[in-house]
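Here is my note on the model you sent. Please read it alongside the coordinates.

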Amino acid sequence: MDIRSQVAMVFHLDKCIGCHTCSIACKNVWTDRKGADYMWWNNVETKPGTGYPTQWENQEEYKGGWVVKDGKLQLRLTAKGKFLQKIFHQPSMPTMDEYYEPWTYRYEDLFTGPEQDDQPTAIPISKVTGEYIDIEAGPNWDDDLGGSTLYARNDVNLSALSEEQRLQLLSIETLVMFYLPRICNHCANPACVAACPSGALYKRGEDGIVLVNQKVCRGWRYCVSACPYKKVFYNWSTGKSEKCLLCYPRVETGQAPACFHSCVGRIRYMGVLLYDADKIQAAGLRPDAELVTAHRDLLADPNDPAVIESARRNGVSEQTLQAARKSPVYQFVKAWGLALAPHPEYRTFPSLFYVPALGPVTYSMENGVALNPTSVDEIFAPLDQARLPMAYLANLFGAGQEAPVRYAMKKMLAIRTWKRAQTVGDVDMKLALAGLREADC
Ligand code: SF4
Ligand code: SF4
């Protein structure tokens, strides 16, 4: 056993209102500089949607993270990346178009600026491939300019539809979206650190925050290529890589990072986790379908005497151990099974977890009016009738497996029904309590 402490996070997606206050707070503090102007260490993307940089989840294009090869964990690079690495010692990276060119916001333009073409439009179909996604559809296209259920639906062949049919499918009844705020995950097994040939990227021993030493960075940019979440950025002015530093100067003085402090929806929780570093390599080799469990297995019980002894041997302070015992992150992830890591199949073991978004819950409708549940089955009906297909959420959080996502969603539905019974009082309390039991609450 080799217990290390890690600052970890939970974002509760059902509470995010997509106001971008977190992104602006971060930009004002850290990236309002020459060469960093295009960077969003914290960004909030509308899902289902293309994200920032565009299509970062498309690992065929942007590979990163780890892959199991010959029974070992190996960094994953694109064929193009490997070629560039060999010839020019440069990895492949997203282009500036994919990050979106920075622009200056001027308040007066709201009143005096010329009319632009940013009007609600049909789904942006790529002129080249005929598919839905193209880089014109920015990270918030779905709520800025339209609405989409279609990206998540593989039963709809968009290019075969007429314009009228597409607009029909975009009607309000089928519209669905949620917000996904993203920062660096300060992973337990960070691919960015492993990829750096200069040793500039490192993971701090005391709290697991992943940082770039600006004096040591030589601008090779392998970190940009290796991070599957595309959360390391290249500063074209200084010639060095930069990334979220979890506001460590604030954290060290007992303050929350700027994005946490400013969060309007209060969706962000921070706490200490105790990781078993001995298990990381072994856990990374497990099959995709086991990676959520593998991740949970890495988290050690802060009340276990053997864990405490190993942590003390590694220099973890009593104060940190106390924080680990009270950690909301441990509760959300391990005790309740409510929060999941994004894309566990990248195998970096993120320290940022998300409570999946329930989205609009409708138990049943009559003449356009939503009805409350009258049976336990009805409480959980939205699991199969949700506008956002479970397969989409499972892909985001469960590496193609639905079970852990369903488990979390079921609990959320039961809790929501119980709260409704408690506060509004139009759901039978006995029924709500039966729902809680059924959902393992
Ligand atoms: Fe590194 Fe952060 Fe990317 Fe993880 S999310 S690989 S820690 S830059
Ligand atoms: Fe969401 Fe909070 Fe950011 Fe607003 S400040 S977009 S509520 S995470």
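1. Ground rules. This is a predicted model, in which local features need pLDDT of at least 70 and side-chain atom pairs count only at pLDDT 80 or more, while totals for chains, interfaces and linings use all residues. Residues are numbered from 1 along each chain as its sequence is written, and chains are lettered from A and ligands numbered from 1 in the order in which they are written.

2. Confidence. The model has ipTM 0.95 and pTM 0.88. Mean pLDDT (the predictor's confidence in each residue, from 0 to 100) is 85 for the protein chain, and 81% of the residues reach at least 70. A contact needs C-beta atoms, placed from the backbone, within 7 Å. Residues 147-154 are also below 50, with 25 such contacts in the model. Where pLDDT is low, predicted coordinates should not be read in detail.

3. Three strands form an open sheet in the order 10-1-11, with mixed pairing. Strand 10 (268-276) and strand 11 (352-355) are the edges, each pairing on one side only. From one strand to the next, the twist averages 30°. That angle is between N-to-C directions, on a scale from 0 to 180 degrees, with axes fitted to C-alpha atoms. Strands here are DSSP runs of E, at least two residues long, and helices are runs of H or I, at least four, both numbered from the N terminus. Pairing requires at least two DSSP bridges between two strands.

4. Strand 1 (residues 3-12) runs antiparallel to strand 10 over 9 bridges. In this pairing V10 sits opposite Y269, and M9 opposite M270. With strand 11, strand 1 pairs in the parallel sense over 4 bridges. There, F11 has Y354 as its bridge partner.

5. Is strand 1 buried or exposed? 10 of its 10 residues are buried, so strand 1 is largely enclosed by the rest of the structure. Buried means 20 or more other C-beta atoms within 10 Å of the residue's own; 12 or fewer is exposed, and anything in between is partly exposed, with C-beta atoms placed from the backbone. I3, S5, V7, M9 and F11 point one way, R4, Q6, A8, V10 and H12 the other, and all are buried.

6. N43. This residue lies in strand 2 (residues 43-47). N43 counts as buried because it has 21 C-beta neighbours inside 10 Å. Leaving out residues up to four places away in sequence, N43 touches S23, Y52, P139 and R182.

7. Ligand 1. Its shell holds 14 residues, and C184, C187, P190, C192 and C227 are the closest. Shell membership means a C-beta atom, placed from the backbone, within 6 Å of the molecule. By class, 9 are nonpolar, 3 polar and 2 charged. Nonpolar covers Ala, Val, Leu, Ile, Met, Phe, Trp, Tyr, Cys and Pro; charged covers Asp, Glu, Lys and Arg; the others, Gly among them, are polar.

8. Ligand 2. Here 14 residues surround the ligand, the closest being C16, C19, C22, C263 and G265. Helix 1 (21-31) and strand 5 (178-182) are the elements giving two or more residues to this shell. The shell around ligand 2 has 10 nonpolar, 4 polar and no charged residues.

Technical notes
Contact = placed C-beta atoms within 7 Å.
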